[in-house]
Every structure is written in structure tokens, then in C-alpha cells.
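Please read it alongside the model.

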Amino acid sequence: MTTNQRLVLTIAALASFVAFLDGTVANVALPAISEELGGGLTTQQWVVDAYLITLGALILVAGKVSDAYGRPLVLRIGLIGFGVASVAIALSPSAEFLIAARALQGGAGAFLVPSSLALITSTFEGAAQSRAIGIWTAMTTTAMIAGPVIGGLFVDLASWRYAFLINVVPIAVVLWLMTRAHMRDVREPDASIDWLGAALCTVGLGAMVFALIEQPRLGWASPAIWVPLVGGALLFAGFLLRQRTVRSPILPLDMFRVRNFWSGNVATAFIYGALSLNGFVVAVYLQQGAGLSATLAGLASLPSTIILILFSSRIGALAGSWGPRLFMTVGPILMGVGALLLLTVDEEFSYWWQVLPSMLLTGLGLAITVSPLTSAILGSIGPERSGIASAVNNAVSRVAGLLAIATLALIIGGQLDIDGFHRAAIVTAALMVAGGLISFAGIRNPTREKTAS
């Protein structure tokens, strides 16, 4: 690599590191946040979902904004917005202020990942590009490992507020590096942005999530629940209808005519909804129910991440030879069995015998699933549309996660005690198994798919 290429890669990796780090820090900090600012489970749900609503909705439009205004400018705006939101979260005087700041942070985060990947693809070519993307992936995986542990340490030794301030340092470093690097400012003069579609998607999702989270407190009969639920559904339906007619859609519906693309995304919705539900419930219950410190709760999921790192590349190579269908079927079912192992958790808590076996099996299932799932979805769409295909799949996983968290109170019966924890484990297992069965029924290995077409 040239010196400039190293600078660009460092910028792209650090920018994405910030977004991935914050996503994993938040879960560990939830009990401390609700204890200080109040609101209980409802506050915890909103802290996660406010971020996911804007992130999931705007990540679809972020690529087009980057094409229209240039990668460097959009990346700077995303970094500054993310940094300002992080400081606002750390200074939050109330739960409501924090939730609003998390929504701003999600919106800014939506512009970080697509812009950073676009910088890599416009700076590197051929084998160098593959190597650069591999380094970028390693950095984002490192954030998945570091986030819960760093967040737990700050919660235990200082305050949950500092866990969000750690974003400011890498953001400042990236902004400084951007003044020293030469980045290709590739723009499309005729690129159009469907801002109305983005607004319909964001407001529609937000209204439905509001109704689902607040329903246990206000009841289904309350106009404050059914009006936003129905209105949000209509707005989101309007968004989908608009995507069929608008000149430059942010969600190209024609891609869903491809079998592996639509079935892979349906499987993604079930699998990543289950992962979000499981990550939230385990991180919170280990602290509030089992009495572990935030640091130990952050370390609890470390075995799963380590297994993912150790085996995912090897599984990806095997899936390239054998096809993704077997892996996408077996992996989620293994994770479902891992979720059912959490039913062994009882009042006499033991991490080593009750939680660790679940983490090991979940990590193995995740390693078997992730690379084949990504390759099946992106491989079904031509390389000229791989960017938007990746954005759609990312958005599907985020929206699935926010809906899973929004319905948490319905799943656990309103309280995350041992019974609620067990109910969440059963629902997680059911979603995982459904994802595996959908993959078995819907996914076709490339050779078969070409023959069928």
C-alpha cells in the first residue's frame, strides 16, 4: 500500500469502528442508565430502538447521499454528528433527552459505514481491495469484542456516561487524518435522493415502535397506542408503494424477485431479530437478575465473538465450495439450540454451567451462518448493485432488531425476571429455527440456481 492508501484505510476502519463500538457498548450500560434516569424496561428499550430506527431507515439513503455529495463530505458530517450526539448522551439530564440524542446518533451512524466502505472501493482495486476490506472487517469485529468489555469497565469503575464519550477520541483522530489524506471525491451529478421516502420510512417505523414499546403501560385501547400503530403502518406502506414508482428508489423492490435475495433477507430478519433479542436480554438479566457486574456481563458474550472470529473465514471458504444452503440451515438451528440451553438458568446462578454452553454453541452457529448468509445475498445480485444490496440487507437486520426489542415487554410478560428470561430464550430459539427452515426452503446453491434460471 502507498502511504495515502494506508491513511484512507485507517480513516475508513476507524470511522466504522466508532459505529460498531457504540452498538455493543449500549446493552451493557442499560441497567445503569435506567437506574439513574428512571423509566425501567421502557427506557432500556428506547435507548436501543431510538438508535436503530434512524440507523435502519437512513442507511438505505446514505449511499445515495454519498454518491450525490461525495464520500469525504458525507463522512465528515457523519463523524461530527456522531461526536456531538455522543457528548449529548453523556450529558443527558433525563431519559427523554438521552433517547433523542440516541436517535441523532443513529442517524449520523447511518452515514459512517456506507461512506467508509465507498472510500475503500474508490481507493483500492483488485486484490488490494479485498485485503483492505478484510482489514476493515477485522476492525469492526474488534469493536464487537471491545464494546461490551469497555462499556462494562466504565460502568463499574466510573459512570455509564463515559462509555459513550470514548467515541470522541477516535472521531477526533479520523477528522485530523482526513486533513492529511488525499481521498477521491467521486460524485454522480445526476444522483437523486428520495428524501420523502426516507421520511416516510423513518416516521412510519418510529410510530409503530412507539406503540409497541408503550403499549404495556397505556394499553391497546388507548388512542396514544392504536393511532400511531395504524398511522405508522400506513406511512410505511406508503413508503413501499412509493418505491415502486419513484425514479431513484432507496429500496429497489425489483431485487426481491431474485430468490436467494428475498429468502436470504427473510432469513436475516428472523436470525438478526433473534440475535438482538438475545443480546439485550442476556446483557440486562445478567446484571439485574443474576447480580453480575457490568464488566462480567460484558465478558459473558466474549466466547461467542472469539469463535466467530476463529471460524468464520474458514466457513466462508467451505460455503464457497459447497454452497450456502447447508450452512444457513444448520447454523441458525444450532443457535436455536444454544438459546434453549439458557432455560437451565435458575435462581442458583452459575455462568460456567448455565450460560457458557449457550454462548459456545451460539458462537459456533453464528460462525457457520454469517459468511454464507452474506455471500448468498450479495452473490445473487450483480456486482454493479452490490452496494445497495448490502445496504438493504443491513437495513433489514437493523429493523428486525428494533422490532424484536420493541416487542420485548410482550415477549417476557412485562418483567425481566427468571420467567421472562426463559420466555425470551424460547422466542429466540423459535426465531432462529424459523430462520434455518426458511433458508432450507428458500436458498438455492449457485449452480442449482443458474440451472433453474
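Phe210 is partly exposed, at 31% relative accessibility. Buried means under 20% relative accessible area, exposed over 50%, and partly exposed in between (1.4 Å probe, protein chains only). The model is predicted: local features need pLDDT of at least 70, side-chain atom pairs count only at pLDDT 80 or more, and totals for chains, interfaces and linings use all residues. Residues are numbered from 1 along each chain as its sequence is written, and side-chain values use heavy atoms, with hydrogens and water left out.

**Aromatic pairs**
- The whole structure holds seven aromatic pairs. Rings of Phe, Tyr and Trp (its six-membered ring) pair if their centres lie within 6.5 Å; planes under 30 degrees apart are stacked, over 60 edge-to-face, the rest tilted.
- Trp46 and Phe210 make a tilted pair, 6.3 Å centre to centre with 40° between the planes.
- Trp46 is buried, at 12% relative accessible area.
- Tyr351 and Trp352 pair edge-to-face, at 5.3 Å and 80°.
- Tyr351 is buried at 15%, whereas Trp352 is exposed at 61%.

**Charge over a ring**
- Arg325 lies over the face of Phe440, 4.3 Å from the ring centre. The cut-offs are NZ of Lys or CZ of Arg within 6 Å of the ring centre and within 35 degrees of the ring normal.

**Gln105**
- Gln105 is buried, at 0% relative accessibility.
- Beyond neighbours within four places in sequence, Gln105 is in contact (heavy atoms within 4.5 Å) with residues including Asp22, Tyr51 and Asn167.
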